[in-house]
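Q: I'd like a close look at one part of this model, taken slowly and in one go. Here it is.

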Amino acid sequence: MDGKLCDGWVHSLNGQTLCFTGKVLIDGEWTVRKDCEEIAQQLGASWKSDFSRKITVFVHGDLASQAVTDPHREYSKKLVRAAWERDRGYHVCVVDGDGFADLIDGHPARCRELQRAHGIDDHVLVLPQTGDGILGGPLQQHRVGRHEPGALALDLAHLDKGTEAHESTIAALIEHLARQHVELRGHARNAPRFDAGWSRGDDVFIAEVKSLTGASEDQQIRLGIGQVLDYAHQLQLARTCGPVRPVLVLEKQPTDPRWTSLAETSGILLTWAPDFAGC
């Protein structure tokens, strides 16, 4: 794969040529290479036992420690080779066990960044990334559903207005953050199902997006506050990472100013389109 074609994500196993380092840790369970190869083949990928320039994705099963330890050097040699190829303009995507599990489940996997240890030519570090285990792949705007004319006209009209406003708000947030070179992302596969998330430096933000069109404003905001606080609390209980900043994103400025003070008291960033103050 040409490095210029890598946008930081492996989006699918289909068409990829994989290389594995023995067993792979998938959702806490060690899976032998043969089983990994069979799974990959079922999803349209091929595999090779040895590293070569035909490899497009290198699956390293033990990257949780971020530093590769391999007394027999079989696994670390492959990772060093991947770094060596990258240095020479041939980009090989590297994913860990969680990333491989994401791809199996139809989710994109982060292409891991590598760094050579200072003063040690044959030692490669896998760099952690802010939001690991919380943030998933790039968030995409969904199309609003279409319905047959006259079918449940009243309810669907309200539903579609709300859905259209919801997706328009997400689209505007994507553009707002992109201007700051920040990528809006979905939730990780095993994380709470928040609407959107992003990272800035070491900070992780998780957001619930609420439309106010055709709905009770108070009810929508109360619901959003409860949801985003619940998501943040779940992540704290799981000790996935450090503090997470909950965000409630609204379609427009709420009529009642009390919601701003309530959100601030609750530790929530309350923001709305089109300016998204604080984001």
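A: First, the ground rules. This is a predicted model, so local features need pLDDT of at least 70 and side-chain atom pairs count only at pLDDT 80 or more, while totals for chains, interfaces and linings use all residues. Residues are numbered from 1 along each chain as its sequence is written, and side-chain values use heavy atoms, with hydrogens and water left out.

Now the helix (a DSSP run of H or I, at least four residues; strands are E, at least two; both numbered from the N terminus).

Buried here (under 20% relative accessible area, with exposed over 50% and partly exposed in between, 1.4 Å probe, protein chains only) are Glu217, Gln220, Ile221, Gly224, Ile225, Val228, Tyr231, Ala232 and Leu235. Down the axis of helix 5, these fall within an arc of 135 degrees (taken from directions from the axis to the C-beta atoms), so they line one face. The face turned away carries the exposed Gln219, Leu237 and Ala238.

The cover over the buried residues includes strand 14 (203-210), strand 15 (244-250) and helix 6 (258-265), contact meaning heavy atoms within 4.5 Å. Asp218, Ile221, Arg222 and Ile225 in helix 5 meet Arg258, Trp259 and Leu262 in helix 6.
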